[in-house]
Amino acid sequence: PAADVPRFDSEALWAVLRERRDWHGSPVLVVRGEGGRDWLADRLAAAGAMVSFVEAYRRLAPTLDAAGSEVLRAALDDPRGHCWFFSSSEGVRQLDALAPGADWSAAMAFVSHPRIGAAARRLGFAELAVVAPMPRAVADALAARTRPIQSPPP
């Protein structure tokens, strides 16, 4: 999709791809994470494509070292001084596993998709903004925030 579209997901990609060709009989390789969504592959198959998959990466929960544990602790102690960016719903679930029962109601989160925002809202984030997953968009969103952000430790 074009750089200025509001969403960078399978649905936006399919909106572009479906008009590009007759997919009947076309071999298509979907490269994704382990257990990724089938939405795009289902659309391609329904259009007649012969879909194959390569699972190129696996999402794993992080193991925090001392510095990571300190950043998490600081974010829990001062939620208004930090901002989270989530590019997957699984990342939201992993944060919940790292800090079960934490109160995220005063924390700010940027999310790259409304579906991820819904997961963050279920976790307790009350202040959310959907931001394109591009460095400039994230920087602009950070600059537009009205409350200060804690600088990470050197």
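In this predicted model, phenylalanine 86 is buried, with a relative accessible area of 6%. Its ring has a partner in phenylalanine 125: the two ring centres are 5.6 Å apart and the planes stand at 75 degrees, so the pair counts as edge-to-face. This pair joins distant parts of the chain, since phenylalanine 86 belongs to strand β3 while phenylalanine 125 sits in the loop between α5 and β5 (127-130), 39 residues apart. Phenylalanine 125 is buried too, at a relative accessible area of 1%.

The structure holds four aromatic pairs. Another of them brings together tryptophan 84 and tryptophan 104, whose ring centres are 5.3 Å apart; with planes at 85 degrees, this pair is also edge-to-face. Here again distant parts of the chain are linked, with tryptophan 84 in strand β3 and tryptophan 104 in the loop between α4 and β4 (108-111), 20 residues apart. Both tryptophans are buried. Taken together, Trp84, Phe86, Trp104 and Phe125 are linked by ring pairs into a cluster. A ring can also have a charged neighbour: arginine 21 lies over the face of tryptophan 23, at 5.1 Å from the ring centre.

The buried residues of α4 (residues 89-98) are Ser89, Val92, Gln94 and Leu95.

Arginine 37 is partly exposed, at 39% relative accessible area, and glutamate 11 is partly exposed at 21%.

A further salt bridge joins arginine 32 and aspartate 38 (2.6 Å, N to O). Arginine 32 counts as buried because its relative accessibility is 14%, under the 20% cut-off, whereas aspartate 38, at 37%, counts as partly exposed. These two residues and Glu55 are linked in a network of salt bridges.

Finally, the surface has a nonpolar patch of about 260 Å², made by Leu29, Val31 and Val54. Leucine 29 lies in strand β1 (residues 27-33) and is exposed, with a relative accessible area of 52%.

Conventions: Residues numbered from 1 in each chain as written. Predicted model: local features only at pLDDT ≥ 70, side-chain atom pairs only at ≥ 80, totals over all residues. Heavy atoms only, no water. Patch = residues over 30% accessible without salt bridge, like charges linked within 9 Å, V, L, I, M, F, W, Y side chains within 5 Å. Areas by Shrake-Rupley, 256 points an atom, 1.4 Å probe, with all protein chains shown as cover. Salt bridge = Lys/Arg side-chain N within 4 Å of Asp/Glu carboxyl O. Helix = DSSP H or I, 4+ residues; strand = E, 2+ residues; numbered from the N terminus. Buried < 20%, exposed > 50% of the residue type's maximum accessible area, 1.4 Å probe, protein only. Phe/Tyr/Trp six-rings, centres within 6.5 Å; stacked < 30°, edge-to-face > 60°. Lys NZ or Arg CZ within 6 Å of the ring centre and 35° of its normal.
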